[in-house]
Amino acid sequence: MSSFADLAQYVIEGAESQVREQVKSLTAQGVNPLEIINQGLIAGMSVVGTRFKAGDMFVPEVLMSARAMSAGIEIVRPLIAETDMPSFGKVVLGTVKGDLHDIGKNLVGMLLESSGFKVINLGVDISPEQFVQAVKEHNPDIVALSALLTTTMTAMKETIELLQEEGLKDKLKIIVGGAPVSMDFADQIGADGYAPDAGSAADLCKKILCL
Amino acid sequence: MSTSTKRNLSLTILDQEKFEQIHEASLHLMENVGMKIGGTRALKLLHDNGAVTTGDGLTIIPRGLVERALKSVPKELVLYTRDGEPSMKINNDNPVYFGTHADQLELVDPLSGIVRKFLRKDTAMMCKLADYLPNIHFVLSVGMSSDVRPVVQSQITFLETVKHFSKTINFSTNDIEGLKDIIEIAAIVAGGLKNLQEKPFIFNYCEPIPPLAHPNESTEKLYISAENRIPVVYMPYCMMGGTSPMSFAGTLAQCNADMLTGLVITQLVSEGAPFIYGSMPSVFDMRTTIGSYGAPEFHLLVAASSDLAAYYGIPFFGTAGCTDAKVLDEQAVVETTMELFSTMLSKANIVHDVGVMDHCNSVSPELVVLADEIIEGLKHYTQGVQVNAEELALDVIKEVGPGGHFLTNIHTLNNFKKVWYPSLFSRDMQNSNESQVKGKVREKIRSIMESHLVPQLDATILMELEKWNVKLETYQPTAQ
């Protein structure tokens, strides 16, 4: 007999094939696919999030759990109307113009996805114009800007200014992060939020979207 | 008082066979995986000399180019003081020199203990301290003062550093313009570019972006350094599990391949251009996502990389005296000491990051002072034990005889000062219940600030530097 508790446990263990089997078995039993997601997959991932914050789980384990959760979601996705799919929101993410560093930004992307956000990762060296273009195309709830260098931090400001000029800023929230970035700097350039690390970026996104 | 550093002990992490395996693995990465290389000038040189860029945009560097570069790179390097006196001689004697930062993102204020943003005026303080301390031979000017516009941060910090520091200056720049400007400024101080090239008192620091990526900015910095014959450190900073494989040997091979790519470019630009092997194979902390500065594995791999550099015969740029801790606590001192000890036993020659805290967010003058003392003590360890007639002192033992004592013997009087007497650490018979060390460190900083005078530059040079200052402060970047 399959159960949500087992499914959640497999997500916590990052056991992708067991998650698939369990989801298939639950759907075969006629269980509501949305319940499979909320009470099994997301429930498991939320334990993972708590354990990561407490220092009891490590990044590679979290990412394996996230992968297992996604594999489960892909199986039930065809059974659910697109508008009913649970999601915390859409995030457009990129490293700003002139900066080619991407490990931190990629980690933020993966951890946001594992928390239930849809992430559009634009890559590195993304100009203000490219961010504007992506916002028009994807209509995100949040734009997340990353920079590692003190020089490229100024490109964060330019990006925010261009979003403002284009009349897009009020329709979304902007968050910033990266080694030299601080809360003060975020306030200075008119960002809506700052997170010191990838783990707290997901919390920040939920907070500023009032979820 | 500082005694000279004699490293008569050494710790070998990699034997000849392991070195050859790692070297071969690096060549394999360069020949079979390829490097993502940017910069038209560097790429043209590479292509003209047999490298090939594939349809996927990866540049394959044949081993012949690496072998040629390893032959032409200078095996000895002399770096000078601002006045043109030799200060760091890197040669077969395996010497070691240490450096701290001229600036950082944040400063652990030595008087209040509070961590705050680094300001332009703090550079003079860091430089004065480093100028005084006998075991600090250079500073790294990085350009991060929070009250300076990023577009001129590197140059302004360098100006502050060169005015307030008479030893050797290592520098990194935010961009390519910054590098060109700093070479011009340094040439003024040296009395012309030719003098600067003959007796370099500056050396550059630049980095690829591991794994295996060398963007335009990195290759241009290598190019400009090499064509100007300014010694340059090429420093892959990778984090195991994040930007390098989660294994020691794989990480060493990848860092080595990234470094060799930089070496090849410098030697193609200018055969015999001075080059320094850099490598920071750090640990990506999977619990907190920081790149650790105090991890034992990091410092094991730094020491292992210094072995690789020694096999090649290239000067090695190390890392020590730093910590992940934010305040000067037990962790800070333990990590700092472990790193300095490892480094003293390794083959690292020019060692940076002394006094760096909070995994490279801040610098602490107090930690620099403590590290200076720790280095002094460790020199007395790495001197090793000499065995000869004089050191055996059999006649002295005979003279004192069984049951006697050595306190009044002339041999004791003549030699007792060979033993180290700490200036900050306590050996009191009746120790105080409270640690006195912190107070002594702060007192030492206060006294250095009050009484140490950094030699002044000539008035004519200062005037030229002031012109640069005005130019930089009013500089408006043209729209791109």
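In chain B of this predicted model, strand 14 (residues 237-240) and strand 16 run parallel and are joined by 4 bridges. Within this pair, B:Met239 stands opposite B:Ser282 of strand 16. Strand 16 covers residues 280-283 of chain B, and its residues point in two directions. B:Met280 and B:Ser282 point one way, B:Pro281 and B:Val283 point the other way, and all of them are buried.

Chain B also holds an open sheet of 4 strands, arranged in the order 8-7-20-19 with mixed pairing. Strand 8 (115-117) and strand 19 (356-357) stand at its edges; each has a single partner strand, so one side of each is left without a neighbour in the sheet. Strands of a sheet pair through backbone hydrogen bonds, in either a parallel or an antiparallel manner. Strand 19 and strand 20 (residues 362-363) of chain B run antiparallel and are joined by 2 bridges. Here B:Met357 stands opposite B:Ser362 in strand 20.

The account now turns to chain A. Its domain assignment gives domain 1, residues 4-84, and domain 2, residues 89-208. The centres of domain 1 and domain 2 of chain A, taken over C-alpha atoms, are separated by 27 Å. Where these domains meet, 9 residues of domain 1 are in contact with 6 residues of domain 2. On the side of domain 1 that touches domain 2, helix 3 (33-53) and helix 4 (59-76) of chain A are the elements that give two or more residues. Helix 3 of chain A gives the most to this side, with 5 residues. Sorted by class, the side of domain 1 that touches domain 2 has 7 nonpolar, 1 polar and 1 charged residues.

A:Ala15 lies in the loop between helix 1 (4-13) and helix 2 (16-28) of chain A. With 16 other C-beta atoms within 10 Å, A:Ala15 counts as partly exposed, because a residue is buried when 20 or more such atoms lie within that distance and exposed when there are 12 or fewer. Leaving aside residues up to four places away in sequence, A:Ala15 touches A:Tyr10 and A:Ala68. A:Phe52 is 37 residues from A:Ala15 in sequence, and the two are 17 Å apart in space, C-alpha to C-alpha.

For residues 88-211 of chain A, UniProt lists "domain: B12-binding" in an unreviewed entry. Over these residues the chain is 43% helix and 24% strand, and the end C-alpha atoms are 7 Å apart.

Helix 5 of chain A has 12 residues and reaches 17 Å from its first C-alpha to its last, close to the 16 Å expected at 1.5 Å a residue. This helix is mostly covered, with 9 of its 12 residues buried. Among the buried residues of helix 5 are A:Ile103, A:Leu107, A:Val108, A:Leu111 and A:Leu112. Helix 5 of chain A is followed by A:Gly116, whose phi is positive, near 105°.

Finally, the two chains may be considered together. In the model, 17 residues of chain A are in contact with 14 residues of chain B. Helix 4, helix 5 (103-114), helix 7 (153-165) and helix 9 (198-208) of chain A each supply at least two residues of the side that touches chain B. By class, this side of chain A has 10 nonpolar, 6 polar and 1 charged residues.

Conventions
Residues numbered from 1 in each chain as written. Chains lettered and ligands numbered in written order. Predicted model: local features only at pLDDT ≥ 70, side-chain atom pairs only at ≥ 80, totals over all residues. Contact = placed C-beta atoms within 7 Å. Pairing = 2+ DSSP bridges. UniProt positions renumbered as here; feature names shortened; annotations may be inferred. Domains from an automatic or database assignment. Nonpolar A, V, L, I, M, F, W, Y, C, P; charged D, E, K, R; others polar. Expected span 1.5 Å × (residues − 1).
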